[in-house]
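Biologist: I would like to go through some labels one by one. Please show me the model, and then I will ask what each label rests on.

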Amino acid sequence: MLWLAIILTAIAAVGLPQTLHADYYRPANTGADALYSPLNSFSHYTFDTLQLPDNFDQHNIDHRFSTLFDNLTHPDAAINSEGGWGRFINRQILPYDTEHSSDWPTALPNYALHLFGGGIVYRRDLEYYRAHQYAHPLWAAVGTAMAAELAQEAIEKKTSAADDPVADVFIFRPLGIWLFSDDQRAEYIEKNLKPAVWPHLILYDPSNDQLRNTGISYVVRPQLLSHGNTELFAYMGMNNLVGLSHTLASGNTLSWGVGAAITRIAFPNGELNYKTRPSVGLFGDRNGNLLWSAIYNGTEDLKLRVNIYPWQNQPIKFGVALGVTDDQRGWLGVTLNMPLGLGAGF
């Protein structure tokens with residue numbers, strides 16, 4: 001069933017217009033885009049949920065892949081174990097059951113992160129493979145997207161319900177691929193929403209065998225609501241912020257947002273419940289290419305998180321990240337143009 005989903009998604013995309021419109025992949029020598037590659041993007045998407053260390057981690061991965069594939073190869077059993085098809089539809093697709101209204105928030109990340117966000121990530125990879133003249137760019141992009149989805153779902157198996165990967169792998173990630181495979185749809189979305197992918201700089205801390213500063217977020221600026229040099233700014237992911245973007249005289253853009261960061265996922269009395277806290281973010285970018293970010297009260301139990309991306313055209317591109325935890329512990333790390341950098345606590 002998994003391979004059937006991948007094959008059908010790619011076949012559907014093959015029949016769509018394949019004219020190159022490089023709106024999502026923009027090579028750059030500075031900023032977060034200077035560190036982009038499909039491999040780096042794969043890592044950011046895969047490790048995104050490690051922002052919630054109380055719920056997810058990268059350990060016992062063999063066992064979690066086994067559980068994941070059991071859910072995917074027996075979807076009916078996975079759905080029935082979580083209350084049946086009615087609960088599955090209410091929780092994962094279309095909230096309708098007021099008796100289980102606490103399930104409703106589960107559907108939001110399916111649409112915002114797996115369908116829309118995953119679709120943006122897929123589209124950028126597709127344009128990268130096309131620009132670098134891969135023999136089969138469509139298959140490469142679909143394979144990269146679905147492999148990242150599987151890896152992320154395996155990490156989430158520490159906490160996620162049995163039917164969660166059924167919805168993400170068989171429904172929402174393929175829908176995102178389908179949505180962004182069409183050049184006209186992708187161009188329309190880019191023109192009207194100005195979407196961007198803003199990842200953190202992933203760091204490996206060998207002192208405790210832990211990945212720090214994980215996360216990938218998706219930014220939109222609806223042009224219908226823009227006015228002059230000011231645009232509505234929305235930052236979506238495990239940390240969700242809404243604010244404004246202001247284009248400066250230098251050509252750079254300063255954005256700010258307020259909202260809530262998810263700190264952990266709980267299941268009191270068997271019902272899903274997200275725990276959040278107020279959060280504030282400040283960001284600098286140029287044409288959607290993130291240059292630096294500072295987030296107060298974010299995920300990963302961080303009181304402060306700062307990411308600085310390559311700021312000039314360097315032979316070896318690197319970024320710097322700094323974090324201060326809620327209990328006043330800190331860490332500092334540096335990453336080169338690789339999926340992971342090195343960090344240490346202090």
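Predicted model: local features only at pLDDT ≥ 70, side-chain atom pairs only at ≥ 80, totals over all residues.

Modeller: Residues are numbered from 1 along each chain as its sequence is written, and side-chain values use heavy atoms, with hydrogens and water left out.

Biologist: Why is the contact between aspartate 57 and lysine 158 called a salt bridge?

Modeller: The term requires a side-chain nitrogen of Lys or Arg within 4 Å of a carboxyl oxygen of Asp or Glu. For aspartate 57 and lysine 158 the N to O distance is 2.8 Å, so the pair qualifies. The two residues sit 101 residues apart, aspartate 57 in the loop between helix 2 and helix 3 and lysine 158 in the loop between helix 7 and helix 8. Helices here are DSSP runs of H or I with at least four residues, strands are runs of E with at least two, and both are numbered from the N terminus.

Biologist: What makes aspartate 57 buried?

Modeller: Buried means under 20% relative accessible area, exposed means over 50%, and partly exposed lies in between (1.4 Å probe, protein chains only). Aspartate 57 has 14%, so it counts as buried. Lysine 158 has 39% and is therefore partly exposed.

Biologist: How do you know that aspartate 205 and arginine 212 are buried?

Modeller: Aspartate 205 has a relative accessible area of 2%, so it is buried. Arginine 212 is at 10% and therefore counts as buried too. Their side chains meet in a salt bridge at 3.0 Å, N to O.

Biologist: What makes a space a cavity?

Modeller: On a 1 Å grid over the protein atoms alone, a cavity is a set of points where a 1.4 Å probe fits but cannot get out; lining residues have an atom within 4 Å of a point. Grid points are joined across faces, edges and corners, and the volume is the space filled by probe spheres set on the points. The count comes to 3 cavities of 30 Å³ or more. Of its 18 lining residues, the closest to its centre are Ala32, Leu35, Asn40, His44 and Pro199.

Notes
1 Å grid on protein atoms, 1.4 Å probe; cavity = no way out; pocket = protein on both sides within 12 Å on 5 of 7 lines; lining within 4 Å.
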